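Dear colleague,

I am passing on the structure below, together with some notes on what was found in it. Please read them with the coordinates open beside you.

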Amino acid sequence: MGMKIFLIGFMGTGKTHWGKRLSEKLHIPFFDLDEQIVEHEKKTINEIFAERGEEYFRLLEKDVLHIIAGYNESFIMACGGGTPCYYNNIDYMNQQGISVWLNTSTDILFQRLAKEKSKRPLLKDLNDIQMKEFIQKKLADRKIYYEQASIILEEDTLTLDRLVEKIFHA
Ligand code: S3P
């Protein structure tokens, strides 16, 4: 039987990190949605936002999500931070398989994102104070989508075994 697992959560929650580890442990292919979008468009995420705008990116994100999920029987997918919040994508993921929200404290998100904001169009032009505000506000706005995940886990104290256990008991 196929197993489609979607890791969701804010930028900086470690969706790619956990996705790769889970993929190795379960021997199921791993897809990073942002990476697939970049490959599909032959442009970086920053370029897509700058040249075509966020609306175009969201449409593309939905299309690539459907392509991967539609053509593959089993996979672990690291979604983008905004993926579950547009085009009923969260409903689609829950119909297709299991969604897992990795919830990380805003302090840890800030520490991680401050170091790696240049590749993220929504963060790259913000200073530290603006970024703190952005994280808090955006996370509050997005919670209603993230909370619809099949599984919710606190990422700060997460272990691979716990992640696997939760998935098999979902
Ligand atoms: C976004 C998150 C990014 C990427 C894009 C927009 C968002 O993915 O899809 O920059 O809206 O939160 P990561 O969560 O992998 O950084």
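Helix α6 passes helix α7 in a right-handed crossing, and since this is a predicted model, that description, like those that follow, belongs to the prediction. The two helices, α6 spanning residues 106-115 and α7 spanning residues 128-146, pack with their axes 10 Å apart and at an angle of about 130°, and α6 and α7 are therefore oblique to each other.

On the α6 side the contact is made by Thr-106, Leu-109, Phe-110, Leu-113 and Ala-114, while α7 contributes Asp-128, Met-131, Lys-132, Ile-135, Gln-136 and Leu-139.

A disulfide is a covalent bond between the sulfur atoms of two cysteines. With a pair of cysteine sulfur atoms required to lie within 2.5 Å, the count comes to 0 disulfides. For Cys-79 the closest cysteine sulfur is that of Cys-85, and because the distance is 10 Å, it is too far for a bond; seen from Cys-85, the closest cysteine sulfur is likewise that of Cys-79, again at 10 Å and too far for a bond.

Terms used:
Residues are numbered from 1 along each chain as its sequence is written. This is a predicted model: local features need pLDDT of at least 70, side-chain atom pairs count only at pLDDT 80 or more; totals for chains, interfaces and linings use all residues. Side-chain values use heavy atoms; hydrogens and water are left out. Axes are lines fitted to C-alpha atoms, for helices over the stretch in contact, and angles run from 0 to 180 degrees between N-to-C directions. Helices (H or I, at least four residues) and strands (E, at least two) are DSSP runs, numbered from the N terminus. Angles under 35 degrees count as roughly parallel, over 145 as roughly antiparallel, 65 to 115 as roughly perpendicular and the rest as oblique. A crossing is left-handed if the near helix is turned anticlockwise from the far one by less than a right angle, and right-handed if clockwise. Contact means heavy atoms within 4.5 Å.
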